[in-house]
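Here is a protein to talk through together. Have a look at it first.

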Amino acid sequence: MAREATGAHPFYSLHRHGMLRVGTCTPIATVGDPAANAAATIELAKHGGQAGADLLVFPELNVTSYAIDDLHLQDALIDATEAGLANIVAASAKLKPVLLVGAALRRNGRLYNCAVAIARGRVLGVIPKQYLPNYREYYEKRWFAPGLGLTGLSIDVAGQNAPFGTDLIFAASDLPDFVFHAEICEDFWAPTPPSTIAALAGALVLCNLSASNITIGKSRERQMLCESQSARTVSAYLYSAAGPGESTTDLAWDGQGMIYEFGTSLAQSGRFDLATEIIVADIDLERLRLERMRFPTFNDAAANAGHPETRFRRITFTHQPDFADIGLQRSIRRFPFVPDAPAMLEEDCYEAFNIQVEGLRKRVAATGAKTLVIGVSGGLDSTHALIVAAKAMDRLERPRSDILAFTMPGFATSDETRANAWALMKALGVTGDEIDIRPAARQMLADMGHPFADGEPQYDVTFENVQAGLRTDYLFRLANQRGGFVIGTGDLSEMALGWCTYGVGDQMSHYAVNTGVPKTLIQYLIRWTVESGQFDAATGEVLTAILGTEISPELVPADADGKIQSTQDRIGPYELHDFFLHYVVRQGLRPSKIAFLAWHAWHDAQAGHWPVGFPHEARNCYDLATIAKWLEIFLDRFFRTSQFKRSAIPNGPKVSPAGALSPRGDWRAPSDGTARPWIDELKSGLPEEASP
C-alpha cells in the first residue's frame, strides 16, 4: 500500500530504510536492428521508472542482438549499435532508473561484448565480458575479444569518454549502500565469477546481463547459481536473460528474469512470454551490509584476495531519490520464525523438533540421569518440553515412566489447565504427580509479612514470584531426591522479554530444551507432532485441546468479571514481539526500520500470506501507533531489563538460524546496558501521530 507522495512522512519511503527497488527487463528483440532494440529499451526503461525502479538490468547485447553470428563484425551494424546506444543515453536524462544495457562496442581495433551503465544522461562506465564461451553451441571468440585483465582504461561512446574495464563498481553518492557491479552471462558460470571479487570490493548489488539460450533443465541451473551466488557473496543478484525476438536459427530463448537476495528468491519472471516484461522487487541493502559486518569470514576472504577494493575503481553518481512513499514490493513474513509455505513449514518443524530431542537425548546419556523432572502446567511451553522429553526417552529405549512430571497448582491455576496437564501426563505414560504449592506459598508470604497473608488481595510481583520460585525449588529438590535433572520449559520469546523469574524460578533448570524456540513456532511444533503421528491418537487429542489455551502465567486470580491474567495483555502480543526479536537479533536493524517492516506486514490482515492452518479468527492487524507502543516496550525489556537473566541461562540447543540468546552463542551483551539509543532512534524516525 502506498500513500500520496505529497506530504508523506519519510518514514513511509523504502529509501529512508536502506532499501532499493530493482528490476530485470525482457524486451522483445528485433534481430539485427539496433534502432528498434534501442527504442524497445527506452520504452521499457520508462515503464520501469513509472514503477519506481532505481536500477534496471537488460539482457546481454540487447541493443545489438545476440544470435546474429558474423553480422557482429559488420561495421554498419556496429555503427547502428552505437547510434542506438546514444539514443538510450539521451533518453535516460529524463529517467529515474540507472540502466544496465548490453551492446557490442569497438575499442582499439577490437570488438567487446559489453555492459553499459547509464544514469541520467551519463555513461557511468563500460564493462567488457571476461569469459567468452567457445564450446558446444557458442562461438563468441569468433567475434569478440575477452575483457580479461583490462583495467584502468576508458572508451569513447555516445559522445562521452567513459571508464572502461573489468575493475568498475558503481556507487550512488546520495543513497548509502547503493553499490552495484555488472558481469555478463558466461562470467557467471566461471569457477570464480567476477561478481565474487566485486562483492569483496564492496558491491552489494550484482547484476548479470545474459543471453543464455534455453535447454531442458537450464532454468533450474540458473536459479541454483543465482541463489548460491547471492548467498555466498551476501548480496542481491539480478539476472536477465534474452527472450522473444532473438533469432532461433539453432537456439531458443525463454526470457528468464530473477531477483535474489542472500539466497532468497524475491521475484521471478514469466518464461516464453510473447511480450515485454519487467519484474521488480525491493532489496534490503542495509540488511546485506549488516550481514557482512557480522560475518568475519567475508572480510577474511577479502583480505585473502588481496583486498580487491584497492584494485577497483568506484564510479560515483548522483541518484537523486525523492524519498516518496512508493509502497513495498517485497513479501514480509508476519511470522519470521514460521514459514508460510506448507512444505517448508513441515521441514522446519521436523528439524526443530529433532534438534530439541537430540539435544536432550545426548544430555541424558551424558549425565546418566535416572529420571527427568519437569513441571507441567497445561500450557504450551511445558507441554512441548514434555513431549520432547517423551520422544528423547523413546530414542534412548527407556520407559517414559522415568519422566517425573509434576503439576503444581497455585492460587490462580484453572481447572482447565490442571485437567489438561493430567490428561497429557496420563496419555504419554509418564509418572505423574501433584504438589499443591499454596500452603507453602502462604507460609512464605506470612513469614515475609506480605499483606496477602492477612487476606488482602495484593497481587504484586512478590506474590507472583513466590509461586514461581516455589515450583522451581520443588523441582530441583525432587531431582536431588530422585536422581534426576530438571528440564526447563521457558522459550526464546520469554528469554528475550525477560518474562521469567530469575534464579529460583522458571529462568533456571538443568537443561532448557525450549530456550531456542520462539513462542510463535511452538504451537506449530505441537501441531506438527499431532499431524505427523509422533504420538498416539489419545495424546494427539490432548495436544489439540492444549493448543486452544489462553497464554497465561496463572499467578494472579481472575478478576471480578472472571478474566484471567493474560501475558499478552501485559507485555504485548507475542506475534509482534517475535517479529521484533528476529530483526533485532538476526539482522541488527534500526528500530524505525523494524517498525516500517512490521507496519507493512501487519497493518492489513487481508494482505500477504498466513502460515497454513492459521485460524481466521486469530488473524490480527495492528496500526503503526500500536506497533510503535509494543516495540518501545520490547526495546526497553530486551536491552535494559532482561540481559542479566540471559547471561545466566542454562544450556539448551540452538534451533533457529535467526539466533539464540545464550551468552555462549549468538548474543552477548552487558547486563547493565540501556535501551536509550534504540528508543531514541525509534521516536525520531516515526511520524508524530505514531510516536509512542
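A few friendly questions and answers follow.

Reader: What is the mean pLDDT of the protein?
Author: This is a predicted model, where local features need pLDDT of at least 70, side-chain atom pairs count only at pLDDT 80 or more, and totals for chains, interfaces and linings use all residues. Residues are numbered from 1 along each chain as its sequence is written, and side-chain values use heavy atoms, without hydrogens and water. pLDDT is the predictor's confidence in each residue, from 0 to 100. Here 97% of the residues reach 70 or more, and the mean is 93.

Reader: How far apart are the closest N and O atoms of E60 and K129?
Author: These two form a salt bridge (a side-chain nitrogen of Lys or Arg within 4 Å of a carboxyl oxygen of Asp or Glu). The pair links distant parts of the chain, 69 residues apart. Their closest N and O atoms lie at 2.8 Å.

How values were computed:
Helices (H or I, at least four residues) and strands (E, at least two) are DSSP runs, numbered from the N terminus.
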